[in-house]
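Me: Hi! I have a structure open and would like to talk it through with you. Could you keep the answers plain?

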Amino acid sequence: MKLFNDWKFIILLCLTLGLAPFFPEPHIVGKIRWIAGGANGMTIKDWFDIVFHGFPFALLIRLVILTLIKQDSESTPE
């Protein structure tokens, strides 16, 4: 679990797995555009792909929220 709280590891995951393949555009960007356009023609494989490439970003959002909560609880006087 310590690995999921490591900023360097999470950012590395976002820049590699989250954005791969990089050309012609990051894969996650194309999938998000497809979903925003109504997700017409998407198969189970495409939905799994969005989860797979989005997982590092979910971990990043989780880590940001945990850090903000921790900072808030430390700054709140009792």
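Me: Where is Ala39 found?
Reply: Ala39 is in the loop between H2 and H3. Helices here are DSSP runs (H or I, at least four residues), strands are E runs of at least two, and both are numbered from the N terminus. Before we go on, this is a predicted model, where local features need pLDDT of at least 70, side-chain atom pairs count only at pLDDT 80 or more, and totals for chains, interfaces and linings use all residues. Residues are numbered from 1 along each chain as its sequence is written, and side-chain values use heavy atoms, with hydrogens and water left out.

Me: Thanks! What is the phi of Ala39?
Reply: Positive, about 60 degrees, although Ala39 is not a glycine.

Me: And is Ala39 buried or exposed?
Reply: Ala39 counts as buried because its relative accessibility is 17%. The cut-offs are under 20% relative accessible area for buried, over 50% for exposed and partly exposed in between, with a 1.4 Å probe and protein chains only.

Me: Let's go inside. Which residues make up the largest nonpolar core?
Reply: Five residues do: Ile10, Leu13, Cys14, Leu59 and Leu63. A nonpolar core is a set of buried Ala, Val, Leu, Ile, Met, Phe, Trp, Tyr and Cys residues joined through side-chain atoms within 4.5 Å.

Me: Which helices supply at least two residues of this core?
Reply: Helix H1 (7-18) and helix H3 (44-75). H1 gives the most, with three residues.

Me: What does Cys14 touch?
Reply: Leaving out residues up to four places away in sequence, Cys14 touches Leu19, Pro56, Phe57 and Leu60. Contact means heavy atoms within 4.5 Å.

Me: Which residues form the nonpolar patch on the surface?
Reply: Trp7, Ile11, Leu15, Val64 and Leu68, with about 440 Å² of accessible area together. H1 and H3 are the elements that give two or more residues to the patch. A patch takes residues with over 30% relative accessible area and no salt bridge, joining like charges within 9 Å and nonpolar side chains (Val, Leu, Ile, Met, Phe, Trp, Tyr) within 5 Å. A salt bridge is a side-chain nitrogen of Lys or Arg within 4 Å of a carboxyl oxygen of Asp or Glu. Areas come from the Shrake-Rupley method with a 1.4 Å probe, and for residues only the protein chains shown count as cover.

Me: New topic: how many aromatic pairs are there?
Reply: The count is one aromatic pair. The rings of Phe48 and Phe52 have centres 6.0 Å apart and planes at 20 degrees, so the pair is stacked. Rings of Phe, Tyr and Trp (its six-membered ring) pair if their centres lie within 6.5 Å; planes under 30 degrees apart count as stacked, over 60 as edge-to-face and the rest as tilted.

Me: How exposed is Phe48, and what about Phe52?
Reply: Phe48 is exposed at 56% relative accessibility, whereas Phe52 is partly exposed at 40%.

Me: Last one: what does Asp49 touch?
Reply: Asp49 touches His27 and Lys31, not counting residues up to four places away in sequence. Asp49 is in helix H3 and counts as buried, at 18% relative accessibility.
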